[in-house]
Amino acid sequence: MLQILYFAQDLADPAVRRRILMLKAGGARVTLAGFRRGANALAAIEGIDPIELGTTRDGRFAQRVSAITKACLSLPAKLRAVGRPDLIIARNLDMLAVANKAVSMFGGDVPIVYECLDIHRLLLRKDVAGRAMRASEAYLGRNARLLITSSPAFVEHYFRPLSGLETPVMLLENKVLELGDRDCLQVSAAPTARPDGPWRIGWFGALRCRKSLELLSTFSRRMEGRFEIVLRGRPAYSEFDDFDGFIRNEPHMTFHGAYRSPEDLGAIYDEIDFTWAIDFFEEGQNSKWLLPNRLYEGCRHGRVPIAMRGTETARFLAVRGLGFLLDEPEPDNLVSLLGAVDANSHADASGRVAACNTDTWVFRHTDCENLVRRLSAISSTAPEPATPLSQARQNEGGLS
């Protein structure tokens, strides 16, 4: 059985929980270690007692550097009871530094997999600070056997031209984890039509985009109750002046807190009609390139995605003829895009989503096994050559 030591930047991140569940379902034994960045009981994983390395805070880069330094110094004590793993996975650049320290503790020959699902704005700066960050990433990742990322645009716009990493690439999209029978997976949720009530737009997941919040507020007020905005997930409070106060003052907007993925997805998506798959956080960079969790979650349940034209999300949808694409991030444009929606047009759009192969949205038990098999091969073989970008594009639908 493959023994994995997984370093997470945020033990309360639902996406970390999903990744650990995937690895366990694939047959791996996982030790989880990482930092706390807020509480979230819904991110707990049955059978996993994580090793806490300290506390970090959103938007506090200097504090994070200090926490990482302290964690590296305390690592021998923290991992005293942990046997030598077959493989270490480092989720983001912070954890890559910790992983390198752990490798030296275990004898210097434990393979590292670098998992990077967001490109931090500091890595994209063109000044001395940006070059120093990229040099640090290249240095820390020099011995990584594999790079896992979730969007081909990250490879095209950052990893190949800018990062300095020469690492094989695995595209692992943010699909919904479903471990049931395949026959059950083929059934998509029926579209929800609300001709006599408000249409509901769901913005779920990592809530960190002030521009989206303001745009949806203005739009819902302009539509005078025809549209309601439903928010669920974990707000990045550091990105908002007063998130909770803002929501309290909105007549057509509600926030319902965190949820468990995948357990709660069916219930929460049944309550909405559209998925807000737009993110202006780090606009023009990371937000333009990502393929967010909510895209896959919403489409898995037949909900119609709304995306920003010119982004990787819009490209993904346009190729498949899905969703509504917003031309400009302005209330007038959003009113023009959605103002004429009725039961027939919504049913047509939702039907196109439901007609897609479910594997477009879902990561199944066999996919978990394939992932662990790929990682097992890395742990027992010499480094493999880097995957060309063209090959990464070809493998966009799953493991490369």
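The legends below describe close-up views of a predicted model. Local features are given only where pLDDT is at least 70 and side-chain atom pairs only at pLDDT 80 or more, whereas totals for chains, interfaces and linings use all residues. Residues are numbered from 1 along each chain as its sequence is written, and side-chain values use heavy atoms, with hydrogens and water left out.

View 1. An open sheet of 7 strands has the order β3-β2-β1-β4-β5-β6-β7, with parallel pairing; two strands pair if DSSP finds at least two bridges between them, and helices (H or I, at least four residues) and strands (E, at least two) are DSSP runs, numbered from the N terminus. At the edges lie β3 (51-55) and β7 (169-171), each of which pairs on one side only. On average, neighbouring strands of this sheet are turned by 20° against each other, direction ignored; axes are lines fitted to C-alpha atoms, for helices over the stretch in contact, and angles run from 0 to 180 degrees between N-to-C directions. Helix α3 (residues 93-105) packs on the sheet and touches β1 (3-8), β2 (29-36), β3, β4 and β5, its direction making about 155° with that of β4, where contact means heavy atoms within 4.5 Å. Strands β4 (residues 87-91) and β5 (residues 112-115) pair in the parallel sense over 4 bridges, and isoleucine 89 has valine 113 in β5 as its bridge partner.

View 2. Threonine 56 is found in the loop between β3 and α2 (61-78). With 4% relative accessibility it counts as buried, a term that means under 20% relative accessible area, with exposed meaning over 50% and partly exposed in between (1.4 Å probe, protein chains only). Leaving aside residues up to four places away in sequence, threonine 56 touches Gln9, Phe35, Arg36, Arg37, Gln63, Arg64 and Ala67.

View 3. Strand β13 (residues 304-308) is largely enclosed by the rest of the structure, because 5 of its 5 residues are buried. From β13, Val304, Ile306 and Met308 point one way and Pro305 and Ala307 the other way. Strand β12 (residues 274-276) pairs with β13 in the parallel sense over 3 bridges, threonine 275 having proline 305 as its bridge partner in β13. Strand β14 (residues 324-326) also pairs with β13 in the parallel sense over 3 bridges; here leucine 326 in β14 is the bridge partner of methionine 308, and alanine 307 stands opposite leucine 325.

View 4. The structure holds 13 aromatic pairs, where rings of Phe, Tyr and Trp (its six-membered ring) pair if their centres lie within 6.5 Å, and planes under 30 degrees apart count as stacked, over 60 as edge-to-face and the rest as tilted. The pair of tyrosine 237 and phenylalanine 243 is edge-to-face, because the ring centres are 5.8 Å apart and the planes are at 90°; tyrosine 237 is partly exposed at 42% relative accessibility, whereas phenylalanine 243 is buried at 1%. Tyrosine 296 and tryptophan 361 form another edge-to-face pair, with 6.3 Å centre to centre and 65° between the planes. That pair links distant parts of the chain, 65 residues apart, with tyrosine 296 in helix α12 (residues 293-300) and tryptophan 361 in the loop between α15 (343-354) and β15 (362-363). Tyrosine 296 is buried at 0% relative accessibility, and tryptophan 361 is buried at 2%. Ring pairs also link Trp199, Phe219, Phe227, Phe274 and Phe324 into a cluster.

**View 5. Charged groups over phenylalanine rings.** Lysine 211 lies over the face of phenylalanine 280, at 4.8 Å from the ring centre; a charge sits over a ring if NZ of Lys or CZ of Arg is within 6 Å of the ring centre and within 35 degrees of the ring normal. The charged end of arginine 320 sits over the ring of phenylalanine 316, 3.7 Å from its centre.
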